[in-house]
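Hi everyone, thanks for making time this morning. I'd like to walk you through one chain, going from the overall fold to the inside and then to a few single residues. Have a look at the screen.

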Amino acid sequence: MKRVLAALLAGALFGVGLAVGGMTDPHVVLGFLDVTGAFDPTLLFVMLGATGTTAIAFRFVLRRDRPLLDADFHLPTRTVIDRDLVVGAIVFGVGWGLAGYCPGPVLVGAAGGAWTAWVFVPAMLSGAVLQRVTSARRAISPA
C-alpha cells in the first residue's frame with residue numbers, strides 16, 4: 001500500500017509540475033519547436049530544471065543500497081542503440097512535433113478537460129497497442 005501511495009504522490013507532483021510549467025498547453029511545446037518563428041523558450045527552462053534536479057538527486061538516491069519502498073532499483077540495463085529504439089524515437093518526435101503533446105502532459109491535460117488532449121489520448125493508446133502487436137509478431141516470426 002505504501003508503494004501505491006508513493007506512486008500516486010509522485011504522479012500527482014509530476015502532474016502539478018507539468019501544469020505549473022505550462023507543459024500541458026501544446027502551444028508552448030510547439031512554440032519551443034518553432035525556432036524560426038514565434039519561439040517560446042519555456043520548455044527549455046523546464047527541461048533544464050528537470051535535468052539539473054535529476055542529475056543532483058540521482059547522485060544521492062543511487063548511493064543507497066535500495067529504494068525506500070522496494071527491494072531493488074529498477075534501472076535500464078540495455079545499452080544498445082538498435083533499430084527499434086531509433087524508429088521509436090523518430091515516431092515519438094514526429095508525433096510530439098505535430099501535436100505538441102507527449103504522454104505525461106496529455107494525461108494531465110485530459111484530466112484538466114482539454115479537448116485536444118481527449119483527441120490525442122485515443123491516438124496515443126492506439127499507437128501503444130499497435131507497437132505491442134507488431135513487437136509480439138516479430139518476436140514469434142522466424143528471422
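This is a predicted model: local features need pLDDT of at least 70, side-chain atom pairs count only at pLDDT 80 or more; totals for chains, interfaces and linings use all residues.

So, what does the secondary structure of the chain come to? We have 6 helices and 0 strands.

A word on overall dimensions. The C-alpha trace spans about 50 × 45 × 30 Å along its principal axes. Of the 143 residues in the chain, 17% are buried. The chain exposes about 10,800 Å², and 72% of that area is supplied by carbon and sulfur atoms. As for how the chain contacts itself, take the contacts between residues at least 6 apart in sequence: 42% of them join residues at least 24 apart. And for the charges, there are 11 positive and 8 negative ones, with their mean positions 10 Å apart.

Now let's go inside. Which residues make up the largest nonpolar core? There are 8 residues in this one: Leu-18, Met-23, Val-28, Val-29, Phe-32, Leu-43, Trp-96 and Cys-102. Helix H2, residues 26-33, gives the largest share of this core, with 3 residues. Leaving out residues up to four places away in sequence, Val-29 touches Met-23, Leu-43, Trp-96 and Gly-100. Apart from that core lies another one, of 7 residues, and Tyr-101, Val-106, Ala-110 and Val-121 are among them.

Tyr-101 brings me to the aromatic rings. The chain has 3 aromatic pairs. One of them is formed by Tyr-101 and Phe-120, with 5.7 Å from centre to centre and 45° between the planes, and it is a tilted pair. Why does this pair tie together parts that are 19 residues apart in sequence? Tyr-101 sits in the loop between helix H4 (83-99) and helix H5 (103-111), while Phe-120 belongs to helix H6 (residues 115-140), so the pair links those parts. Are the two partners, Tyr-101 and Phe-120, buried or exposed? Both Tyr-101 and Phe-120 are buried.

We start in helix H1, residues 2-20, where we find Gly-15. Gly-15 has a relative accessibility of 12%, so this residue counts as buried, the cut-off being under 20%.

Gly-17 and Val-86 are 69 residues apart in sequence, and their C-alpha atoms are 29 Å apart in space.

Moving along, Ala-55 is in helix H3. Ala-55 also counts as partly exposed, at 46% relative accessibility. From Ala-55 to Thr-134 we have 79 residues in sequence and 35 Å in space, C-alpha to C-alpha.

And lastly, where is Asp-65 found? Look in the loop between helix H3 (42-61) and H4. Asp-65 has a relative accessible area of 80%, so Asp-65 is exposed, as anything over 50% is. Asp-65 and Ala-139 are 74 residues apart in sequence, with 35 Å between their C-alpha atoms.

To recap, then: we have a chain of 6 helices and 0 strands, a largest nonpolar core of 8 residues, another core of 7 residues apart from it, and a tilted aromatic pair made by Tyr-101 and Phe-120.

How values were computed:
Residues are numbered from 1 along each chain as its sequence is written. Side-chain values use heavy atoms; hydrogens and water are left out. Rings of Phe, Tyr and Trp (its six-membered ring) pair if their centres lie within 6.5 Å; planes under 30 degrees apart count as stacked, over 60 as edge-to-face and the rest as tilted. Helices (H or I, at least four residues) and strands (E, at least two) are DSSP runs, numbered from the N terminus. Buried means under 20% relative accessible area, exposed over 50%, partly exposed in between (1.4 Å probe, protein chains only). A nonpolar core is a set of buried Ala, Val, Leu, Ile, Met, Phe, Trp, Tyr and Cys residues joined through side-chain atoms within 4.5 Å. Contact means heavy atoms within 4.5 Å. Accessible areas come from the Shrake-Rupley method with a 1.4 Å probe; for residues, only the protein chains shown count as cover. Lys and Arg count as positive and Asp and Glu as negative; His and the chain ends are not counted. The place of a charge is taken as NZ of Lys, CZ of Arg, CG of Asp or CD of Glu.
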